[in-house]
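Please have the sequence and the coordinates open while reading.

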Amino acid sequence: MKNWRCLALILHLFLCFKLNGNPVDLQISDKTIDVNGKKAIVLAISQPDGTLGVRANKGQLFDVNLKNTIQVPTSIHWHGLILPNAQDGVAFVTQYPLYPGLTYHYQFPLLQSGTYWMHSHYGLQEQLLLSAPLIIYDPEEANIADQEVILFLTDFSFKTPSEIFQHLRCNRNENEMMSKHNMSAQDVVEVDYDAFLANYKVLEKPDIVKVAPGKKVRVRVINGASATNFFIVLSSLKGEVIAVDGNRIKPFSDSQFELAVAQRIDIVLTIPQEGGVFPILAKGEGTDKQAGLILTTNEKLPLLQLSGKATEKAKALTNAQELNLHALYPLSEKPVDKQVVIELGGDMANYVWTLNGQTWPEVTPAIVERGQRVEIIFKNVTTMSHPMHLHGHVFQVTSIDGKPFQGAMRDTVLVMPNSSVAIQFDADNPGVWPLHCHILYHMEAGMFTVIRYKDFIQPL
């Protein structure tokens, strides 16, 4: 009986991902959702049957026809995947945009397994919720849990992304006051969102997932927000983290976890034998807003009356959790061949964010050579935290504030205010690879550069 779930999962993947050789059809389209009793039009990436995103198996081909049915250009980045440079989905950097009515065929082998996601890499479209889960299964991990749940987090505003960005850039008095008082990330929330959403839903009307007493549930949490870090709170349960950013770690247990913008965390929960109702909450850093879903062993049990407004404001993320994360499969020991220092800078008064004093596209790429062990040292001299994401590679976190340790394998690391973080990776995937802050408005304001392989000839 224990094997039936594994067999059912494999059968589902064969049917859902069409392993008979036909590509999966994904389309970018409008989607209407309800937020606090008001209708809102956002964007979505879905299959013809409405399935958001893609589920696939490690070792098979990622074989996708992506069609743009909206009225403006777009592009989709497959966040966290090791893939050919020309298929990375960054408009005007790794490929041309996908113009209205056109279809782009993506095809490359899936070398990884774990929790990933996909999102627009064109302008500010990510704020319109143009993102979706990308889950890659490994049959060898089928026995980790009896069931899985996806918790996909986003931040929502009835204002347009352009309005939000213009407010940040033009509200000089407020920004100058923040700079004058040297306000830190603990004090500053840049965007006042109307709601946080979990799987497109507010907490007053959450997803309700039936679970079985005594069974294990793997919760795949994806922070798809544009500018919000979250605390993941398990309430009465205690969870065991087994992976971050799709990469396995040495398990550790707690009831609350930190999750920066663009990061993912896989938590295994054991449902108590006596059953019950168990909310899984995501509390926005520095805010009194929250999202989440409910696990229940009996749909007839009285459900909790949850609110998107918490009783108190959440605190700020720290580096304490990161120091407790250790890769299950770390990099091999090897001396560093190339060191790159990147200073994270910014000007709150004018809302300009920089890497080594430069703003995209007027940047000087960091040059690496194939085969090198590369170390990047992020030095954050600003009073804001920055989730730094490197495309096309998986890196290991190797020190925080000069303290060395064997950290997690990641693709996105949070660099705290007035702090430093070192990462290392092997230069084994030639290309011109974006490196940027994943807070959407910081990236739009210039916090973007590229890592370029020496002698790589870019097709663009």
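Is E148 buried, partly exposed or exposed? In this predicted model, E148 counts as partly exposed because its relative accessibility is 28%, a value that lies between the 20% limit for buried and the 50% limit for exposed. The salt bridges of the model come to 13, and the points below take up several of them.

**R220 and its partners**
- R220 forms a salt bridge with E148, in which the closest N and O atoms are 2.9 Å apart, and this pair links distant parts of the chain, since R220 belongs to strand β12 (residues 216–223) and E148 to strand β9 (residues 147–156), 72 residues apart.
- R220 itself has 2% relative accessibility and therefore counts as buried.
- A salt bridge also joins the side chains of R220 and D266, with an N to O distance of 3.4 Å; D266 lies in strand β17 (residues 264–270) and R220 in strand β12, so this pair ties together parts that are 46 residues apart in sequence.
- D266 and R220 are both buried.

**The network**
- E148, R220 and D266 are among the members of a network of salt bridges, which also includes E141, R218 and R248.

**R410 and E322**
- R410 and E322 form a salt bridge whose closest N and O atoms are 3.0 Å apart, and the pair links distant parts of the chain, with R410 in strand β27 (residues 409–410) and E322 in the loop between β19 (290–296) and β20 (338–347), 88 residues apart.
- Both R410 and E322 are buried.

Technical notes
Residues numbered from 1 in each chain as written. Predicted model: local features only at pLDDT ≥ 70, side-chain atom pairs only at ≥ 80, totals over all residues. Heavy atoms only, no water. Salt bridge = Lys/Arg side-chain N within 4 Å of Asp/Glu carboxyl O. Helix = DSSP H or I, 4+ residues; strand = E, 2+ residues; numbered from the N terminus. Buried < 20%, exposed > 50% of the residue type's maximum accessible area, 1.4 Å probe, protein only.
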